[in-house]
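Subject: Structure for you to look at

Hello,

Here is the structure I promised to pass on, with my notes below it. Please have a look at the model first and then read on.

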Amino acid sequence: MKPLDIHPTALYEEVQSDIGSFQVLRNYRLNSVRTGVWKLQSDQDSKCYYLKTYSRKQRWHPEVYAYRHWIGQLKPYVPELIAAYEGESWQAILITAIDGFIMRETALSPSAAKAAFYKAGELTRILHLSQTGRWFGRPDKYGNPIELRHHADPVQYVADAIQDLTSQCVVEGAGCGQLLHSVRQIFHRSSISQRCLFCRVWT
């Protein structure tokens, strides 16, 4: 496979149907067995786009849902979803490119970095205040729970997620069990909002 080849190849026709003929400018995940990301440029108007593929369907669904339901709250600071694609064994999205720099690759002054983080906090607050829901978990593209163990109680949701992680540990003594107990105590003592915990609250 050539460095700028898109895979699966079925995506060439799908993308062309949405933006016309295009050039592949860059492959950001060369030789990756997980997510694929390509930067594309339309031959018609020179606009740039990003094509992203997924190795796990449960990661594609929440992202499609988020783009379709949250973007209006965050414009013009986020890309827009052009199309969501799904094949027999693959999923992908096509989004617009936005001008800017990757923050970790940019030498910002302390004041500029503070301003950037402050703006990110403002946008997160806007998003949190714009959403209410009945349960915590990851949604499919229609807003239905993907996980069998989704909860109305955020403490239980987080505790179950941690339990899943700790069950994969090689337990020595009470190490992982103590971690789970400690985290549960922290969350029970905290004032936890029923609104958008970790951006995973869905209507």
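Helices (H or I, at least four residues) and strands (E, at least two) are DSSP runs, numbered from the N terminus. On that basis the order of elements in the protein chain is α-β-β-β-α-β-β-α-β-α-α-β, which comes to 5 helices and 7 strands.

Two remarks on the source. This is a predicted model, in which local features need pLDDT of at least 70 and side-chain atom pairs count only at pLDDT 80 or more, while totals for chains, interfaces and linings use all residues. Residues are numbered from 1 along each chain as its sequence is written, and side-chain values use heavy atoms, with hydrogens and water left out.

The chain as a whole

Of the 203 residues, 32% are buried (under 20% relative accessible area; exposed is over 50% and partly exposed in between, with a 1.4 Å probe and protein chains only). Taking contacts (heavy atoms within 4.5 Å) between residues at least 6 apart in sequence, 51% join residues at least 24 apart. The chain exposes about 13,100 Å², and carbon and sulfur atoms supply 51% of that area (Shrake-Rupley method, 1.4 Å probe; for residues, only the protein chains shown count as cover).

The largest pocket

This pocket holds about 1,400 Å³ of space. Its lining has 32 residues, and Y50, P79, I95, I98 and I102 lie nearest the centre. Helix α2 (57-74) gives the largest share of the lining, 6 residues, while β2 (36-42), β3 and β5 (91-96) are among the elements that each supply at least two. For the method: on a 1 Å grid over the protein atoms alone, a pocket is an open set of points where a 1.4 Å probe fits, with protein on both sides within 12 Å along at least five of seven lines, and lining residues have an atom within 4 Å of a point. Points are joined across faces, edges and corners, and the volume is the space filled by probe spheres set on them.

Salt bridges

The whole structure has 5 salt bridges (a side-chain nitrogen of Lys or Arg within 4 Å of a carboxyl oxygen of Asp or Glu). In one of them E86 meets K57 at 2.8 Å, N to O. E86 is in strand β4 (residues 81-86) and K57 in helix α2, so the pair ties together parts 29 residues apart in sequence. E86 is partly exposed at 35%, and so is K57 at 38%. K57, E86 and K141 are linked in a network of salt bridges.

K119 pairs with E122, with the closest N and O atoms 3.4 Å apart; the two are 3 residues apart in helix α3, about one helical turn. K75 and E80 form another salt bridge, at 4.0 Å.

Some individual residues

T53 sits in strand β3 (residues 48-54) and is buried, at 6% relative accessibility. Beyond its neighbours within four places in sequence, T53 is in contact with H7, L11, T35, G36, W38, Q91 and A92.

F117, in helix α3 (residues 110-130), is exposed at 57%. With M103 and L108, F117 forms a nonpolar surface patch of about 290 Å² accessible area together (patch residues have over 30% relative accessible area and no salt bridge, and nonpolar side chains are joined within 5 Å).

Best wishes

Methods:
Patch = residues over 30% accessible without salt bridge, like charges linked within 9 Å, V, L, I, M, F, W, Y side chains within 5 Å.
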